[in-house]
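Have a look at the sequence and the 3D view, then work through the notes below.

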Amino acid sequence: MRPDKDDRLYRIHIGERIARIESSVGQIDQDTFLLSPLIQDAVLKNLQVLAESFQRLSESFKRAHPQVEWHKIAGLWNILVHDYLGIDLDIVWNILAEELLVLKAAVDPGSRP
């Protein structure tokens, strides 16, 4: 098992990726997102990287945060890396609108491990 210090580094890295996603989408609406390949590319790349980092978090950290659907994050990573033609941008938008804040709260380095 890796030390908590590694979890903290991954949590910081994930938080940075979430901040980049938030910066990319700003105050746009779903229609703007769906019409902007540049924004889509930025969001998808950052989701891919953060999903990879989520997989590297310790099992104890994941157990401590049952509100996060870890299996869905692993599935998202699989789609982004291996089944990119199967990416559904409406689902990606829902992740941005509904799930990103849950993920952000879970990895906040100031929160419990």
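**Salt bridges**

A salt bridge here is a side-chain nitrogen of Lys or Arg within 4 Å of a carboxyl oxygen of Asp or Glu.

Before going on, know that this is a predicted model, where local features need pLDDT of at least 70, side-chain atom pairs count only at pLDDT 80 or more, and totals for chains, interfaces and linings use all residues. Residues are numbered from 1 along each chain as its sequence is written, and side-chain values use heavy atoms, with hydrogens and water left out.

- The structure has 4 salt bridges.
- Glu 22 and Lys 104 form one of them, at 3.1 Å from N to O. Glu 22 sits in helix α1 (residues 4-25) and Lys 104 in helix α6 (residues 89-107), so this pair ties together parts that are 82 residues apart in sequence. (Helices are DSSP runs of H or I with at least four residues, strands are runs of E with at least two, and both are numbered from the N terminus.)
- Both partners are partly exposed: Glu 22 has a relative accessible area of 28%, and Lys 104 has 37%.
- Lys 62 and Glu 59 make another bridge, at 3.7 Å from N to O. They are 3 residues apart in helix α4 (residues 59-64), which puts about one helical turn between them.
- An α-helix has 3.6 residues a turn, so residues three or four places apart point the same way.
- Lys 62 is buried at 15% relative accessible area, while Glu 59 is partly exposed at 46%.

**Helix α6**

- Asp 88 caps the N-terminal end of α6, with a side-chain oxygen 2.9 Å from the backbone nitrogen of Asp 90.
- There's a kink of about 55 degrees in α6, centred on Glu 99. The bend at a residue is the angle between axes fitted to the seven residues ending there and the seven starting there.
- Buried residues in α6 include Val 92, Trp 93, Leu 100 and Leu 103.
- Leaving out residues up to four places away in sequence, Ile 95 touches Leu 47, Leu 76 and Leu 100 (contact means heavy atoms within 4.5 Å).
- Ile 95 and Leu 47 are 48 residues apart in sequence, and their C-alphas are 9.7 Å apart in space.

**The nonpolar core**

- The largest nonpolar core has 28 residues, and Val 43, Leu 47, Phe 54 and Leu 96 have the most contacts inside it. Such a core is a set of buried Ala, Val, Leu, Ile, Met, Phe, Trp, Tyr and Cys residues joined through side-chain atoms within 4.5 Å.
- The elements giving two or more residues to this core are α1, α3 (37-55), α5 and α6, and α6 gives the largest share, 8 residues.
- Not counting residues up to four places away in sequence, Leu 96 touches Ile 21, Val 25, Phe 33 and Val 43.

**Confidence**

- The protein chain averages a pLDDT of 88, and 91% of the residues score at least 70. pLDDT is the predictor's confidence in each residue, from 0 to 100.

Note on methods: Buried < 20%, exposed > 50% of the residue type's maximum accessible area, 1.4 Å probe, protein only. Polar contact = N/O pair within 3.5 Å; in protein donor to acceptor, adjacent residues only side chain to side chain.
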